[in-house]
Structure formats: structure tokens, C-alpha cells
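Me: I would like to learn how to read some local features of a protein model. Could we go through them one at a time?

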Amino acid sequence: MGLFNKYFISIFLVTIGSLANAELFNYDYVDLKAGTTSSKAGEREYSLEFSKSIHRNIALRGAVHYTYGDWHIGREYKEQTQQMYTIEGIYHKNILPSTDILISSGYSNTNGKVTCVGPTGHCTASSSTYSGLKAYGVSLGIRQMLPIDIEAEFHYGIVKAESFSNIKRGYLGLMKNFKNNISIGLDYDWNITGSEYNESKVVIRRSF
């Protein structure tokens with residue numbers, strides 16, 4: 001699996017989690033995220049996510065992601081960019097006074113470009129390769145309110161991309177509300193099987 005496909009799957013697994021029940025958690029919000037990964041193909045990552053309730057126990061979310069990375073291989077220099085669009089449905093159910101269980105499924109479409117620059121015979125002087133990938137994913141998670149009003153989430157996710165085996169990853173998020181419906185938090189997700197990448201992000205959330 002190429003760098004483009006590996007990194008795309010990692011992002012998608014993070015995206016298919018993290019909503020909560022209306023009785024305790026607000027899930028009408030906009031998230032702005034910025035971070036990095038353990039992969040040289042995704043040194044910088046940015047995303048904008050919109051979440052909206054459509055039923056007492058159902059929500060929809062859409063997201064736009066952009067990633068950038070560059071690296072050297074001998075005398076070659078490579079640069080990768082990709083854009084991913086996702087949409088997902090989330091079923092959320094309160095099971096304890098401070099705990100929600102979350103079940104989500106989603107679809108994504110990713111387009112990327114890898115540019116190679118190097119001496120003739122290596123990258124053919126300068127060349128670009130374009131890729132596209134579609135995938136479906138499911139996630140089972142839990143959201144818990146901790147002391148001092150910190151929200152914690154954990155998710156276990158599986159993604160099936162075109163022509164690839166299932167990829168499994170874990171996700172942990174922490175969020176603290178400050179004032180005027182503004183929250184700041186941290187996201188971290190990691191590989192469970194395969195050779196995908198670990199990711200860490202800072203999150204700013206505006207709730208409505």
C-alpha cells in the first residue's frame with residue numbers, strides 16, 4: 001500500500017468517530033483541527049468539520065481534510081498533497097449519567113498528488129502522479145464526562161478501502177470547554193494492525 005493510500009485511511013478512521021448524546025453533550029458544532037503525523041507523507045494536516053443533529057439519537061457530520069508532506073529519497077525530492085471529503089451518520093445513546101455509546105458509519109472520497117523532482121533517470125526530471133481512493137468505515141466508541149468538565153472519547157474503528165484489507169485503529173480525544181461555547185482539545189489516534197500512522201492534533205470547537 002502506497003504512502004497516499006496509507007495516510008488517507010488513517011485520516012478516515014479518525015473522522016468516523018466523536019459525537020455525543022444531546023442530553024449531556026452538545027454535538028451541534030464546528031471543529032477546526034491542525035496537527036501532524038508520524039509519516040513523512042503527512043507532516044502537516046488541517047481539517048474543518050461540521051456536525052448537526054437530525055434526530056434525538058442521530059447526527060450527521062461532514063468534513064474536509066487537507067494534508068501535506070515532503071521527503072528525500074537519495075537524490076530525489078518528493079512532495080505529497082491530498083484532499084479528502086467525508087460524510088458519516090452517528091447513532092448515539094446515553095447509557096449512564098455521564099456516558100454515551102457511539103456507533104458510526106461513513107464514506108470518504110480522497111484525491112492526492114505526489115510530485116517527484118530529481119535528476120533525469122530518477123524522477124524523469126520532474127513528474128506528478130495523481131491518485132484517488134474511496135472507502136467505507138465503521139466505528140464503535142464511548143464518550144465520558146470526567147472531573148473538571150473534561151470530555152473524553154475513545155473509539156475503535158475499521159475501514160475498508162478499495163482493493164485493500166481492513167485497517168484497524170484506536171482514537172482518543174480530550175476536550176475542555178472554556179467560555180462562550182468555545183472548547184480546546186487534543187486528538188490522538190494510533191495504529192492497531194498494519195503499518196498505518198499515528199496522528200496528533202490540536203482542536204478548536206465552536207458549539208451552537
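Reply: We start with one residue and its element. Tyr 156 lies in strand β7, which covers residues 150-161. Bear in mind that this is a predicted model.

Me: Is Tyr 156 buried, partly exposed or exposed?

Reply: The class follows from the relative accessible area: under 20% is buried, over 50% is exposed, and values in between are partly exposed. Tyr 156 has 32% relative accessibility, so it is partly exposed.

Me: Which residues does Tyr 156 contact, apart from its neighbours within four places in sequence?

Reply: Contact here means heavy atoms within 4.5 Å. On that basis Tyr 156 touches Val 138, Ser 139, Leu 140, Lys 168, Arg 169 and Ile 192. A C-alpha separation is another way to relate two positions. For Tyr 156 and Ile 142, which are 14 residues apart along the chain, the C-alpha atoms are separated by 9.4 Å.

Me: Where are Asn 180 and Asn 181 placed?

Reply: Asn 180 is in the loop between β8 (167-179) and β9 (182-191). Asn 181 is likewise in the loop between β8 and β9.

Me: Which accessibility classes do Asn 180 and Asn 181 fall into?

Reply: The cut-off to recall is 50%, over which a residue is exposed. Asn 180 has a relative accessible area of 61%, so it is exposed. Asn 181 is at 40%, and therefore counts as partly exposed.

Me: What lines the largest cavity?

Reply: Its lining has 13 residues, and those nearest the centre are Glu 153, Tyr 171, Met 175, Asp 187 and Arg 205. The elements giving two or more residues to this lining are β1 (29-37), β7 and β8. The most comes from β8, with 4 residues.

Me: How does the lining of the largest cavity divide by class?

Reply: The lining of the largest cavity has 7 charged, 4 nonpolar and 2 polar residues.

How values were computed. Residues numbered from 1 in each chain as written. Predicted model: local features only at pLDDT ≥ 70, side-chain atom pairs only at ≥ 80, totals over all residues. Heavy atoms only, no water. Buried < 20%, exposed > 50% of the residue type's maximum accessible area, 1.4 Å probe, protein only. 1 Å grid on protein atoms, 1.4 Å probe; cavity = no way out; pocket = protein on both sides within 12 Å on 5 of 7 lines; lining within 4 Å. Nonpolar A, V, L, I, M, F, W, Y, C, P; charged D, E, K, R; others polar.
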